[in-house]
Amino acid sequence: MIDAIENNLNRGIGLLSIISDEEYSNVSVKPYHSSIGIHMRHVLDMFDCVFCGLDAREINLAARKRNTEAEQKTEMGLAYFNQVISKLRSLTSEDLNEVVVVSDDLGLGMITTKYTVASILSQAHSHAIHHFASIGYIISQLGIELPDADFGYNPTTPKKDVLA
């Protein structure tokens, strides 16, 4: 599980390694005018919420830090990725089976439920893939090539041959 999540996060690192700060922070793409950096920071914030709540076994997904430097500067985004991956690598099998209380605002106020650490990390991983797909749209509009063919694809999504 950790390897799969790290592999996906490395796709983000791959993209940040080949784009400029201007491309990373560009908010010109319609309809939402969000940048690659905003999506990357948001993805990493979710993982950060998990790690910040582990010791207390209380994770608040609404308590995101929203570090604007991490969404505007590729160097800061890369540092954030590396920080998250380092914390991910430090987890043990026992850690993954721990039960934690997770709170989030689902649109009608805060909801609290129990997860295992593995299940919240699995959710964060799926969330990252979803946002990477949104980033795929943004980078296509900016004329940037996908860093790899699986960027933003959920492994369970059937791939169709694209007609040339």
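Predicted model: local features only at pLDDT ≥ 70, side-chain atom pairs only at ≥ 80, totals over all residues.
Is Arg-66 buried, partly exposed or exposed? Arg-66 is partly exposed, with a relative accessible area of 41%. It sits in the loop between strand E1 (58–60) and helix H4 (68–72). Check the backbone there: phi of Arg-66 is near 50°, a positive value in a residue other than glycine.

Next, go to the loop between helix H2 (21–24) and helix H3 (36–53), where Pro-31 is found. Select Lys-30 and Pro-31 together. A cis peptide bond joins Lys-30 and Pro-31, with omega at about 5°. His-33 is in the loop between H2 and H3 too. Its phi is also positive, near 55°, and His-33 is not a glycine. His-33 is partly exposed, at 38% relative accessible area.

Now show the largest pocket. About 160 Å³ of space lies in it. Its lining includes Lys-30, Pro-31 and His-33, along with His-130, His-131 and Tyr-137. Color helix H7 (residues 117–141): this helix gives the largest share of the lining, five residues. By class, the lining has five nonpolar residues, six polar and one charged.

Last stop: select helix H1 (residues 2–16) and helix H5 (residues 74–89). Their axes lie 10 Å apart, at an angle of about 170°. That angle is over 145 degrees, so H1 is roughly antiparallel to H5. Show side chains at the contact. From H1, look for residues including Ile-2, Leu-9 and Ile-13; from H5, residues including Leu-78, Phe-81 and Ile-85. The contact of H1 with H5 has 10 nonpolar, five polar and two charged residues.

Terms used. Residues numbered from 1 in each chain as written. Heavy atoms only, no water. 1 Å grid on protein atoms, 1.4 Å probe; cavity = no way out; pocket = protein on both sides within 12 Å on 5 of 7 lines; lining within 4 Å. Points joined across faces, edges and corners; volume = space filled by probe spheres on them. Helix = DSSP H or I, 4+ residues; strand = E, 2+ residues; numbered from the N terminus. Nonpolar A, V, L, I, M, F, W, Y, C, P; charged D, E, K, R; others polar. Axes fitted to C-alpha atoms, helices over the stretch in contact; angles between N-to-C directions. Parallel < 35°, antiparallel > 145°, perpendicular 65-115°, else oblique. Contact = heavy atoms within 4.5 Å. Buried < 20%, exposed > 50% of the residue type's maximum accessible area, 1.4 Å probe, protein only.
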